[in-house]
Amino acid sequence: MDKHHSNIEHAHSYTIYIWVWISLLALTGVTVAVAGINFGAFTIAAALIIASVKSYLVLTIFMHLRLEMKAFRVFVAVALLFVIISFTLLFADYSFLSLR
Amino acid sequence: MSTQEQAVVHVHRDDIGSRMGMWLFLFTELLLFGGLFFLYSVYRFMHQADFHVAAKELNVLVGTFNTAILLTSSLTMALSITALQRNNKKLSVFFQLCTILLAVAFLVNKYFEWMTKIHHGIYPGSDEYLAMESGRRLFFALYYVMTGLHALHVIIGMVLISVMTRFTVRNVITHDNYVKLEAAGLYWHLVDIIWIFLFPLFYLIT
């Protein structure tokens with residue numbers, strides 16, 4: 001009977017969500033603080049790394065990816081891989097364009 | 001008899017399939033916003049100085065505040081699912097209503113932010129806009145399109161969650177059948193993730 005209650009294993013506790021929320025707010029604070037300092041080219045990298053960490057938290061905990069079947073994580077990884085490939089090709093093209 | 005009932009349940013319900021369908025839909029959203037992020041990155045690459053000047057005109061405080069609002073709304077959305085899983089319908093409805101209220105707060109902020117810009121004459125087609133350097137024009141065009149499309153998603157998410165709240169109240173969504181609420185939640189968290197990237201790229205590049 002418990003079989004179609006497979007959702008039960010899908011449960012996170014309230015506390016983990018609150019911890020993730022606190023981390024997300026803290027990381028937002030860090031992004032704003034870091035943006036004030038000029039690291040040159042590293043500034044944008046820092047902003048993107050922090051945004052990626054925040055997204056990772058949202059994807060794994062809020063969106064339950066950590067509790068899903070492995071297939072879900074593979075799907076998301078493949079989708080993100082193709083976004084990264086597109087960005088790499090895009091910038092391979094545009095950085096050469098500026099040299100011409 | 002009971003096997004028959006189970007068979008019927010299996011024909012009409014596939015929670016894993018429903019969630020996977022929702023994820024597939026979210027990938028198309030990734031393409032939609034991904035294209036705009038491509039545009040943003042190329043134009044920023046070509047007009048770095050103009051983008052930095054233009055970004056100074058956005059209010060970091062309002063942006064940070066809105067980020068906090070949206071992150072909190074994601075929290076209440078996630079909590080509403082946990083509450084329902086624990087068979088606490090009232091708490092779940094409460095958290096869903098919180099999510100909707102926070103979404104309204106986000107949009108009100110966004111409205112005032114846009115209105116301030118428009119009062120200063122910064123909108124596509126205005127004299128001031130046309131007098132700007134091309135990089136600044138591109139920045140504001142992208143700002144309006146990307147935050148506008150995001151705001152549209154916030155509105156759609158709000159409507160979706162409102163429908164889910166109605167379903168929860170009417171016991172269409174229950175503690176052992178809440179995949180609809182989960183799907184709405186997935187959509188809402190995606191809207192949150194998009195904002196997580198929009199915020200530093202538009203507000204914090206000064």
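How much area do chain A and chain B bury between them? The figure legends below take up this interface and a cavity in the predicted model.

**View 1. Chain A and chain B in contact in the predicted model.** The two chains bury about 4,400 Å² between them. Carbon and sulfur atoms account for 77% of that area. Chain A gives 48 residues to the contact. Chain B gives 50 residues.

**View 2. The salt bridge between B:Arg19 and A:Glu68.** The side chains of these residues meet at 2.7 Å, N to O. One salt bridge is found across the interface of chain A and chain B. Four residue pairs are in polar contact across this interface, both residues at pLDDT 80 or more.

**View 3. The side of chain A that touches chain B.** Helix 1 (14-36), helix 2 (42-62) and helix 3 (70-97) of chain A each give two or more residues to this side. Helix 3 of chain A supplies the largest share, 13 residues. By class, this side of chain A has 32 nonpolar, 14 polar and two charged residues.

**View 4. The largest cavity and its lining.** The count is one cavity of 30 Å³ or more. The largest cavity holds about 40 Å³ of space. From chain A, the lining takes A:Phe62, A:Met63 and A:His64. From chain B, it takes B:Arg19, B:Ile81, B:Glu182, B:Gly185, B:Leu186 and B:His189. B:Arg19 also takes part in the salt bridge with A:Glu68. Helix 8 (residues 179-203) of chain B gives the largest share of the lining, four residues. By class, the lining has four nonpolar, three polar and two charged residues.

Key:
Residues numbered from 1 in each chain as written. Chains lettered and ligands numbered in written order. Predicted model: local features only at pLDDT ≥ 70, side-chain atom pairs only at ≥ 80, totals over all residues. Heavy atoms only, no water. 1 Å grid on protein atoms, 1.4 Å probe; cavity = no way out; pocket = protein on both sides within 12 Å on 5 of 7 lines; lining within 4 Å. Points joined across faces, edges and corners; volume = space filled by probe spheres on them. Nonpolar A, V, L, I, M, F, W, Y, C, P; charged D, E, K, R; others polar. Contact = heavy atoms within 4.5 Å. Buried area = accessible area lost by both parts, 1.4 Å probe. Salt bridge = Lys/Arg side-chain N within 4 Å of Asp/Glu carboxyl O. Polar contact = N/O pair within 3.5 Å; in protein donor to acceptor, adjacent residues only side chain to side chain.
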